[in-house]
Amino acid sequence: MFIDTHAHLNLDPFYDDPGPYIDRALQAGVTRMIVPSIDIESSERAVALAEKYGPVFAAAGIHPHESAKAPKDYLRIIEAFLSHPKVCALGEIGMDHYRDYAPRHAQLKVFREQLELAGHKDMPVIIHNRAADEDTLSVMETAGNFHAQFHCFGSDREFAGKVLSEGALISFTGVITFSGKAKALAGKLPPEKLMTETDCPWMAPVPYRGRTNEPAYVVEVARAYAEIFGKDIASVAAITRRTAETFFRLQEP
Ligand SMILES: [Zn+2]
Ligand SMILES: [Zn+2]
């Protein structure tokens, strides 16, 4: 049994008809999928999917790219989503200086406010950090909140060590199936601090590169971990699943 901790089923090309993707995931042994959000509309969609499909859980939040467009009362709206029984995290939130689609001051403000809200509500957060280690870390240190999953991890070993020592967790996407750098880094981390994710529809793993990624392919991420740690895929799946269940406080499927 696998968990895809980051599947954008609330976005194109999935949202109009996610059923076949969810069915394929279940057939592949992916028994739970967490749908992260990027804005208010996708948060609504994530909750709707979680209500309709048993294996689907939702996270609500404003992505750094969308931070400048967040409505004035966005915090109140996100807070309301957090009390839904199938909303298991606040996210994805963070900083992105690779694209800098939103001005940095807006990214910083919206990240900080949501991180504080998560702290008050005792909700885990899904962190999106791209080329923004310093700002991400400083906001988290100021908020004193590291109850966090660093999704699609792309930073270096030093940064990994820093966030793990603060109590955060890390997950890799399908990038781990083809990036020597990601493999080398993961191999130096404790497997019980890792989770599996696709970040679909992006980041398709080997042997599906160039295709639309989907939750079923999270098995390839677990397979890559198994090779890296010299374990069998079932035991790696069990270790990472337990980590995700505890972190997101997931119910049994
Ligand atoms: Zn992200
Ligand atoms: Zn994402």
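β6, helix α6 (residues 157-165) and β7 make up a β-α-β unit that is right-handed; viewed with the strands pointing away, the path from the first strand over the helix to the second runs clockwise. Helices (H or I, at least four residues) and strands (E, at least two) are DSSP runs, numbered from the N terminus.

This is a predicted model, in which local features need pLDDT of at least 70, side-chain atom pairs count only at pLDDT 80 or more, and totals for chains, interfaces and linings use all residues. Residues are numbered from 1 along each chain as its sequence is written, while chains are lettered from A and ligands numbered from 1 in the order in which they are written.

Strands pair if DSSP finds at least two bridges between them.

| Strand pair | Direction | Bridges |
|---|---|---|
| β5 (residues 125-130) and β6 | parallel | 4 bridges |
| β6 and β7 (residues 169-172) | parallel | 2 bridges |

Ile126 lies opposite Gln149 of β6. Phe150 has Ile170 in β7 as its bridge partner.

In a regular strand, side chains alternate between the two faces of the sheet. In β6 (residues 148-151), Ala148 and Phe150 point one way, Gln149 and His151 the other, and all are buried. Buried means 20 or more other C-beta atoms within 10 Å of a residue's own, with C-beta atoms placed from the backbone. Across the chain, 51% of the 253 residues are buried.

The secondary structure totals 9 helices and 8 strands. Just after α9 (residues 233-248), Arg249 has a positive phi of about 50°.

Definitions and conventions. The expected span of a helix is 1.5 Å times one less than its number of residues. A residue is buried if 20 or more other C-beta atoms lie within 10 Å of its own, exposed if 12 or fewer, and partly exposed in between; C-beta atoms are placed from the backbone.
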